[in-house]
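These are my notebook entries on a structure that I had not examined before. I set down each item as I looked it up.

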Amino acid sequence: MSLSLHLPVLVILLPLMASPLCILIDRARASWLITLIASLLSFYCSVLLLQQVQITGTISYELGGWQPPWGIEYRIDLLSAFMLILVTGLATLVLLFARYSVEQEISKLRIVPFYATLLLAIAGLTGICVSGDVFNVFVFLEISSIASYTLISMGRDRRALNAAFKYLVMGTIGATFILIGIGFLYMHTGTLNMQDLAGRLPALYDNRTIRAGFAFITVGIGLKLALFPLHLWLPNAYTYAPSVVSALLAATATKVAVYMLLRFLLNIFSLDFSLDAMPLDLILIALGSTAIISASLVAIFQVNLKRLLAYSSVAQLGYIALAIGLANHSGLTAAMLHIFNHALMKGALFLSLGAMVYKLGDAELHSSQGLIRHMPLTSVSILVGGLSLIGIPGTAGFISKWYMIQATLELGLWPLALIILAGSVLAVIYIWKIVESIFFQSPPSTVAVHEAPVSMIVPMAILAAANIYFGLNTHLTVDLADSASTLLVMGGGQ
Amino acid sequence: MSHFPGLFNYWIVIFLMMAGFYVVISQGNLVKKIIGLSLFQASAFILYISEANVDGGHVPILEEGITLYSNPLPHVLILTAIVVSVSTTAVGLALIVRIKETYGTVEEDELQEIDNAQDEADTPDQKQQIAEEKEI
């Protein structure tokens with residue numbers, strides 16, 4: 001009975017169990033340490049899991065020893081392992097960063113509950129990635145969502161409360177839509193296990209109930225994912241949330257929603273049904289393109305850097321939606337690459353802004369003037385993240401956009417390639433605004449600050465370096481995304 | 001089963017769902033929004049419970065001489081979903097309490113006005129002024 005057999009459940013249990021531990025110990029410093037250790041161990045488990053999956057193929061874990069489809073199954077294939085590494089890895093880096101930032105931004109009384117909630121959010125997000133049972137996915141989704149509403153409301157600005165409330169209303173509508181959709185699927189198939197569903201659904205593709213269920217689930221996930229017209233909760237939530245929370249949510253939460261979308265569209269339903277028989281491919285392409293252009297345009301006019309990046313996130317999610325809508329192998333590979341690379345760049349950027357907020361008190365454009373003089377490392381990390389966001393060759397952002405453009409050209413859809421390029425041009429404009437202010441403006445004379453503490457610089461530097469590393473050495477990410485999308489295209493999650 | 005009375009439960013589900021959804025969208029008062037949201041979620045519960053019914057099925061308790069049972073699984077699922085719904089409502093209400101404390105109102109349009117005013121005030125030249133006001 002080795003521990004390695006239980007890795008799939010350990011990934012979730014570690015943060016889940018650490019959360020009450022924080023409350024019991026009730027010391028700010030200790031709860032930070034517990035959170036960091038729990039997410040680090042969870043990251044270690046995910047790395048082991050990825051190795052296992054690469055050697056033995058998909059892992060099926062029977063929760064409580066009950067055989068699927070009666071019991072709940074945790075099923076880890078390449079895509080799940082990939083997402084687990086992303087979520088737990090970024091969570092670890094963000095937590096390394098968190099200590100001083102949280103001490104400053106969150107009132108003393110709330111620090112312990114803050115970390116406990118953060119752990120719940122991480123547990124929920126990892127849970128979504130491993131679960132092989134659709135109802136279980138819903139439960140984990142709500143664990144992570146309710147935790148995020150709470151985390152966002154802990155922002156310093158009172159507008160955080162209003163933003164959290166709006167997110168709560170829209171998020172709950174989305175979750176209930178998913179619940180209704182799952183109910184419809186269960187009504188006709190009598191199963192909740194993803195494998196079983198994938199086996200029984202093809203015979204029912206013409207059934208109206210199944211189609212309605214499909215529509216409910218897609219719209220519900222669209223709300224969680226902040227797909228273009230459903231993105232209204234996102235900008236305010238990211239702007240007013242504590243810096244640490246913005247970084248964690250921007251890097252992981254929406255990505256996990258994309259993962260759910262891929263799972264439902266391609267594994268539970270099949271590529272032929274969801275993107276061919278249903279007009280979803282056109283819808284995703286249309287909404288994705290609109291998101292790229294309109295959200296990037298809005299981002300240009302923002303003066304609050306966090307809000308600027310939030311709008312840019314909506315645009316980047318548009319890229320991912322567009323790539324999924326292409327419905328071919330290279331499109332899916334590009335989507336998965338962009339999930340990973342976007343997490344890296346937004347992680348680096350939001351952490352850098354977190355350091356800026358820590359030292360300067362806000363993330364307004366005018367406060368960033370001449371930042372290079374006081375905080376050179378933070379400024380460089382913003383620059384690298386920004387370049388990656390634009391997609392300059394040599395950065396991670398370039399790789400995913402390159403694959404995306406290739407995927408559009410494969411289908412002969414060159415207007416879409418132009419839209420992707422136009423999005424990059426718009427990104428140049430809004431990133432230039434920041435770079436110009438940081439590097440070429442003289443700092444206001446009153447400000448005298450120094451570089452952020454080492455514990456903040458290190459995770460920021462790691463993420464910035466990762467942006468460059470994965471831009472130059474693409475083997476790891478491209479191979480993973482490529483084989484994961486092969487698995488998805490084959491359908492059925494075999 | 002396809003007659004109107006046979007689908008009575010589902011008509012109730014649709015009615016509750018739409019009523020709840022409409023309340024969430026149309027009401028400006030945050031507490032009413034949460035009530036609408038609960039109603040909306042409750043409709044999904046009834047959907048699941050209706051699904052579980054098997055014609056002529058017995059209550060799912062093991063008993064001699066009974067072979068046909070209703071499906072117990074959706075009931076169990078819905079217990080979980082109710083827990084989720086209750087916690088969402090609790091978090092929502094807690095947020096409303098804090099919104100009331102800090103803003104002094106729970107009307108959406110008034111909140112929006114206050115937020116907009118603050119957004120405008122965040123522009124550079126007035127920043128100083130706001131900081132001073134806060135100190136007072």
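**Entry 1. Conventions.** I note that this is a predicted model, in which local features need pLDDT of at least 70 and side-chain atom pairs count only at pLDDT 80 or more, while totals for chains, interfaces and linings use all residues. Residues are numbered from 1 along each chain as its sequence is written, chains are lettered from A and ligands numbered from 1 in the order in which they are written, and side-chain values use heavy atoms, with hydrogens and water left out.

**Entry 2. The interface of chain A and chain B.** I looked up the contacts, where contact means heavy atoms within 4.5 Å. On the side of chain A, 36 residues are in contact with 42 residues of chain B. I then looked up the buried area, that is, the accessible area (1.4 Å probe) that two parts lose on being put together, summed over both. The value is about 3500 Å², and carbon and sulfur atoms give 70% of it. Which three residues supply more than any others of the area that chain A buries against chain B? They are A:Arg158, A:Arg159 and A:Phe165, with 20%.

I next searched for polar contacts (a pair of N or O atoms within 3.5 Å; within protein, one must be able to donate a hydrogen and the other to accept it, and residues adjacent in sequence count only if both atoms are side-chain atoms). The interface has 11 residue pairs in polar contact, both residues being at pLDDT 80 or more. For the elements, I used helices (H or I, at least four residues) and strands (E, at least two) as DSSP runs, numbered from the N terminus. Helix H5 (134–153) and helix H6 (159–189) of chain A each supply at least two residues of the side that touches chain B. H6(A) gives the most to that side, with 19 residues. I divided the residues of that side of chain A into 20 nonpolar, 7 polar and 9 charged. Here Ala, Val, Leu, Ile, Met, Phe, Trp, Tyr, Cys and Pro count as nonpolar, Asp, Glu, Lys and Arg as charged, and the others, Gly among them, as polar.

**Entry 3. Salt bridges.** I took a salt bridge to be a side-chain nitrogen of Lys or Arg within 4 Å of a carboxyl oxygen of Asp or Glu.

Within chain A, the side chains of A:Arg263 and A:Asp77 meet in a salt bridge (2.7 Å, N to O). A:Arg263 lies in helix H10 (residues 243–268) and A:Asp77 in the loop between strand E2 (73–76) and helix H3 (78–105), so the pair ties together parts that are 186 residues apart in sequence. I looked up accessibility as well, where buried means under 20% relative accessible area, exposed over 50%, and partly exposed in between (1.4 Å probe, protein chains only). Both A:Arg263 and A:Asp77 are buried.

Within chain B, B:Glu108 and B:Lys33 form a salt bridge through their side chains (3.6 Å, N to O). B:Glu108 belongs to helix H4 (residues 108–121) and B:Lys33 to helix H2 (residues 30–52), so this pair ties together parts that are 75 residues apart in sequence. B:Glu108 is partly exposed at 27% relative accessibility, whereas B:Lys33 is buried at 7%.

**Entry 4. Cysteines.** I searched for disulfides (a pair of cysteine sulfur atoms within 2.5 Å). For A:Cys45, the nearest cysteine sulfur is that of A:Cys129, 14 Å away. A:Cys45 is buried at 7% relative accessibility, and A:Cys129 is buried at 0%.

**Entry 5. A:Ser437.** I located A:Ser437 in helix H18 (residues 414–440) of chain A. Is A:Ser437 buried or exposed? At 5% relative accessibility, A:Ser437 counts as buried. Its side chain makes a polar contact with the side chain of A:Ser368 (2.7 Å). Leaving aside residues up to four places away in sequence, A:Ser437 touches A:Leu365, A:Ser368, A:Gln369 and A:Gly370.

**Entry 6. Chain B.** I record 5 helices and 0 strands for chain B. Of its 136 residues, 32% are buried.
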